[in-house]
Structures are given as structure tokens and as C-alpha cells.
Amino acid sequence: MSEQCGNTRDGGTMKEFIDLRSDTVTQPTPAMREAMAGAKVGDDVFGEDPTVNALQEKVATLLGKEEAIFVPTGTMANQLSIKSHTQPGDDVIIEASSHAYNFEGGGAGALSGVQFYLVNGVRGIMESSSIEGAIRPLDHHFPVTKLVCLENTHNRGSGSVYPIEKMRDIYELARHRGLRVHLDGARLWNAAVATGIKPHEYAQYADSVSVCLSKGLGAPMGSLVSGSKTFIDRVHRFRKMFGGGMRQAGIVAAAGIYALDHHVNRLQEDHQNAKRLAMGLRDLKGASLNPDQVETNIVIVDISQTGKTASQIVEAMKEKGVLILATGKTLIRLVTHLDVTLEDIEIALKGFRKVLG
Ligand code: TLP
């Protein structure tokens, strides 16, 4: 049973846990549920769901792309993009701690028959020179390098933002060498809010961009892939093949439209809460992190100085009513979101003081 708890955003009911495991854990707000209940729907496999169509147009416009297509998850969005850009046997250059390489069940090998060429980045950010070194020579012994995958913000890089100049350099290199670029923009909204750089400005340096509605934006599900009309046509075909063609999906697309209209600017609040959390943790003896490196809503802390494992800290914090995630033997991850208030952060810090301090 939890010892501490905080207030919910919509009316002061006490919550059992402050959940900092991920920004995927949010509950749809009452207004979002209302938008979902009132959505006009149709069969999206026939292209007849007006709400899905409206969402797709909205996201294509926000990203400055010809078209966008609605899919159930960020994983499917990334995997469809990889499938649509490549042939079996191709090489895909990707950063070693990226989501599509580590956390998508080996999908790229299983579904697209490609292999990854790993490049080490700094907090997930790669240099164009490292990518250049990873491109295979044109020789029949080698796989064909076809695609470069970027992630902005970078999950395991503690929500780091890709500097736009680095994205531009990588995109120019890719064009010069005949490669395509896919951007995993599951949290591109966070990058845009943190920097003031518009999503379409980032998206211009990628041939395809996947974005999620179910992370910081707080929708219950849904992601989109955007790109050229020809590319999205290919994705459409593979979406059916992968089993992602949905029917009256407007019910959930409505949550996405609501989230884009109401929950983007407020991400700033999540970033401020993450910063506060990082500053509070820095002052504790057992925690090692640099708050300057917390640019958005993800805080990664090394707790090796406590002499305990991350799993032990996770259990001890649960006793204090705070849920966190172990992302390594001595690493924990904390993510701020729509259902976490500044008051919750202070309560969480109180718990950490007892557990780490
Ligand atoms: N990330 C989840 C977990 O899978 C780790 C999380 O809690 O952070 N790209 C990035 C950068 C992501 O962080 C995630 C989800 C995805 C893609 C996949 O999205 P979903 O969960 O919708 O398949």
C-alpha cells in the first residue's frame, strides 16, 4: 500500500500512485472522452472515416508532408516506414540505443529482412561524419545501405533534442549518397515545444516521419506516418499486410485531434516538472545526473552510488507511492506527463529523499 499520494488534475481525487514510468500511462481527460464519444465515423479501410481523414490531413499539414496515415502504434509506424523504404538484405543505419533497434521486438529483421548498422551517439544524437563512416562501399560483397533512422526526442538519451543543424547535415549527406531518412518522432512535439522550432521544420530533414499521439499528448492510442504521396501509398499497402487496417477508427482519431488542439503547448509544463525533478534529485547523495541535460520530459538517473540495484530502488519507491522504471542495472527512468502535477513532483522527491538520501 502506498504511503503518499497526490491530487489528480481534474478534481482533487487522491490517486493511489504517482506514475512516472512513462508518458504512455495517461488517462484520457473528460473533454477528450467527450470528443471521442461525439466523433463521426466510417470504415477507414474504405477510406470513409471522416475523423481519421481529418486527423491525417492535420498531421500532414503540421509536418509539411503530402500525406499522413493513421496507425495503431508508434512501433507499427516505425516498422511500416522501415518496410516501405527498404528491400530484404539492406542495411539500415541507426543509433545504438534507439527505440526501433532495441524495443520493437526485432521487428525490422522479422518483418522487413533488413539488418541494422549501429552507430554510437552522444545521448542518442549522431554526427553526420559517423553516419558517413557507416555507409557501405558499392561492392557486391556488402549489403546495400538504404536508410538512416533518427529519433527526436531521443528516449534513452534522456529526452534529448536533435539539434536541427545536425539533422540538416545528416539529411544532406543522405541525399548526396542516395539514402533515405526516417525520423522516429514519437516525441517530436516535445522537441518543438522545447526549442520553438516547428514540427515541419524538423520534418523537412526526413523523408518519412512517425509521430505518436499516445505519449505526452495523452491520447489513448494512435500514431501516424507522414511522407510523400507515393511513400504513403506504399505504407498503406503494408499497413493492411501487417494487420493495422482499422475500421471505425475515428473514435480514437478524435482523441488525437483533441490532443493536438489542446495538449501540445502544455508540454512545457511537463518539461518544467522534469527539470524540477532533476534539480531535486541532483541534490541527493545517491543520485547522479546532470539537470542541464534534461531538455524535455524524460529524466534518467544513475543510482550506482547507493550500492543498490535499480530494481531495489523501484520497489522502495513503490512503497512510497511512486512508480518509476528500471532501465538498466543501476539506471532509473522518470517521465513527466499530463497526469503529473508539480505537487506530485514534490511528493516524489520527498520519497526519493528517504529512499536515496
Ligand atoms: N516508448 C515506450 C516504451 O516502448 C519504451 C516508453 O515508455 O517510452 N518510438 C519511441 C521513441 C518511443 O519511446 C516509443 C514508445 C515508440 C517509438 C513506440 O510506441 P508504441 O508504444 O506506441 O508502439
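## The largest cavity

The largest cavity has a volume of about 50 Å³. A cavity here is a set of points on a 1 Å grid over the protein atoms alone where a 1.4 Å probe fits but cannot get out, with lining residues having an atom within 4 Å of a point. This is a predicted model: local features need pLDDT of at least 70, side-chain atom pairs count only at pLDDT 80 or more, and totals for chains, interfaces and linings use all residues. Residues are numbered from 1 along each chain as its sequence is written, and side-chain values use heavy atoms, leaving out hydrogens and water.

Who lines this space? Asn-78, Ile-94, Ser-98, Ala-100, Cys-149, Leu-150, Glu-151, His-182 and Asp-184 do. Two elements, strand S5 (145–151) and strand S6 (180–185), each give two or more residues to that lining, and S5 has the largest share with 3.

## The second largest cavity

Next comes a cavity of about 30 Å³. Its lining includes Ala-186, Arg-187, Trp-189 and Lys-215.

## Around the ligand

The ligand has 14 residues around it, and among the closest are Ser-22, Asp-184 and Arg-187 (a residue counts if one of its heavy atoms lies within 4 Å). Helix H3 (residues 74–85) supplies the largest share of this shell, 3 residues.

The protein buries 83% of the 510 Å² that the ligand exposes when taken alone (areas by the Shrake-Rupley method with a 1.4 Å probe).

Methods
1 Å grid on protein atoms, 1.4 Å probe; cavity = no way out; pocket = protein on both sides within 12 Å on 5 of 7 lines; lining within 4 Å. Points joined across faces, edges and corners; volume = space filled by probe spheres on them. Helix = DSSP H or I, 4+ residues; strand = E, 2+ residues; numbered from the N terminus.
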